[in-house]
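Dear colleague,

Please find below the structure that I am handing over to you, together with its sequence. A summary of the findings follows it.

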Amino acid sequence: MRILFFCGSLESGRDGVGDYVRLLAGACATQGHECTVIALHDPHVARVTEHGSAEGRFIRLPAEEPWPSRLVCAEGHLNRIAPDWVSWQFVAYAFHPRGFLPRMLLQYANRLRGSRCHVMMHELWLGLEAGSRLRERGVGWLQRRGVLCLLGELDPDCLHTSNLAYRQVLARERWPAELLELFGNVPIADPVAASGPLFLRWFPGLAAPLVAVTFGTLHAQWRPAATVEWLLASARRLVRPAALLAIGRTGGHAAAL
């Protein structure tokens, strides 16, 4: 099967969705599928770049080029490849620094859907959280219009998102989606090599700790006490010490953590 993926950027280690698509394409390639990935808005290249590997073919279109030329280029690749499936790996901020989808992309999207189209919504829009500020809700309203317009133009045969909250929001907008859990972008380290430098220094002579990790921004409605209670109960059941590791912006929860 031939699969064509669309995403924003493919700069390794600088774009989470791009890293995810690289891994996904590689996994599909190991199962015998022919994969091509096109980054439609890559700010890390100055000209169109292409390279191939065992994982597939990767094409990066520079963000500095006008949208019309990039979209025509992408359509040319789509027509040449004639994929069985086109998979849009979507996050609005991949195409605009404020998450506003360019009008040209929305007008051209139906020409980049292919014969069968899949969309993975990695993110939706701002203002979904309880207690969101007025500015966030305003920006989110504009983002929402673009996202729903894109879905209307693509009219996907298969729609996925990564969590129940996004699925409920999409259902409310009359776009039923299925859940597709995300695999991690962080490589799995050798547990023997990884345990000494970091965790055993905290718990000398004890069993390896049960580590819970928060990733990204901690939003205001999160209740850290409930998470800590769950972590401690799980650690007691396993007879292991507990550790809570926060990666990213802790926001107003820094003192509580």
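Strands E1 (residues 2–7) and E5 (residues 85–90) pair in the parallel sense, with four bridges between them. Within this pairing, phenylalanine 5 stands opposite serine 87 of E5. Please note that the model is a predicted one.

Helix H4 (residues 134–154) packs on the sheet, where it touches E5, strand E6 (117–121) and strand E7 (158–161). The direction of H4 makes about 160 degrees with that of E6. Helix H5 (residues 164–172) lies across E6, E7 and E8 and runs at about 135 degrees to E7.

The sheet as a whole is open and has eight strands, in the order E3-E4-E2-E1-E5-E6-E7-E8, with mixed pairing. Its edges are formed by strand E3 (49–53) and strand E8 (178–179); each has a single partner strand, so one side of each is left without a neighbour in the sheet.

Turning to charged contacts, the structure holds seven salt bridges. One of them joins arginine 60 to glutamate 11, with the closest N and O atoms 2.6 Å apart. Arginine 60 belongs to strand E4 (residues 56–62) and glutamate 11 to the loop between E1 and helix H1 (16–30), so this pair ties together parts that are 49 residues apart in sequence. Arginine 60 is buried, at a relative accessible area of 10%, whereas glutamate 11 is partly exposed, at 24%.

Arginine 111 and glutamate 75 also meet through their side chains in a salt bridge (3.2 Å, N to O). This pair links the loop between helix H3 (103–108) and E6, which holds arginine 111, to helix H2 (residues 67–81), which holds glutamate 75; the two residues are 36 residues apart. Arginine 111 is partly exposed, with a relative accessible area of 43%, while glutamate 75 counts as buried at 15%.

A further salt bridge connects glutamate 173 with arginine 144, the closest N and O atoms being 2.9 Å apart. Glutamate 173 is in the loop between H5 and E8 and arginine 144 in helix H4, 29 residues apart.

Finally, Val228, Leu232, Leu244 and Leu257 make a nonpolar surface patch of about 280 Å². Leucine 257, found in the segment after strand E10 (242–247), is partly exposed at 40% relative accessibility.

With kind regards

Conventions
Residues numbered from 1 in each chain as written. Predicted model: local features only at pLDDT ≥ 70, side-chain atom pairs only at ≥ 80, totals over all residues. Heavy atoms only, no water. Pairing = 2+ DSSP bridges. Contact = heavy atoms within 4.5 Å. Axes fitted to C-alpha atoms, helices over the stretch in contact; angles between N-to-C directions. Patch = residues over 30% accessible without salt bridge, like charges linked within 9 Å, V, L, I, M, F, W, Y side chains within 5 Å. Areas by Shrake-Rupley, 256 points an atom, 1.4 Å probe, with all protein chains shown as cover. Salt bridge = Lys/Arg side-chain N within 4 Å of Asp/Glu carboxyl O. Buried < 20%, exposed > 50% of the residue type's maximum accessible area, 1.4 Å probe, protein only.
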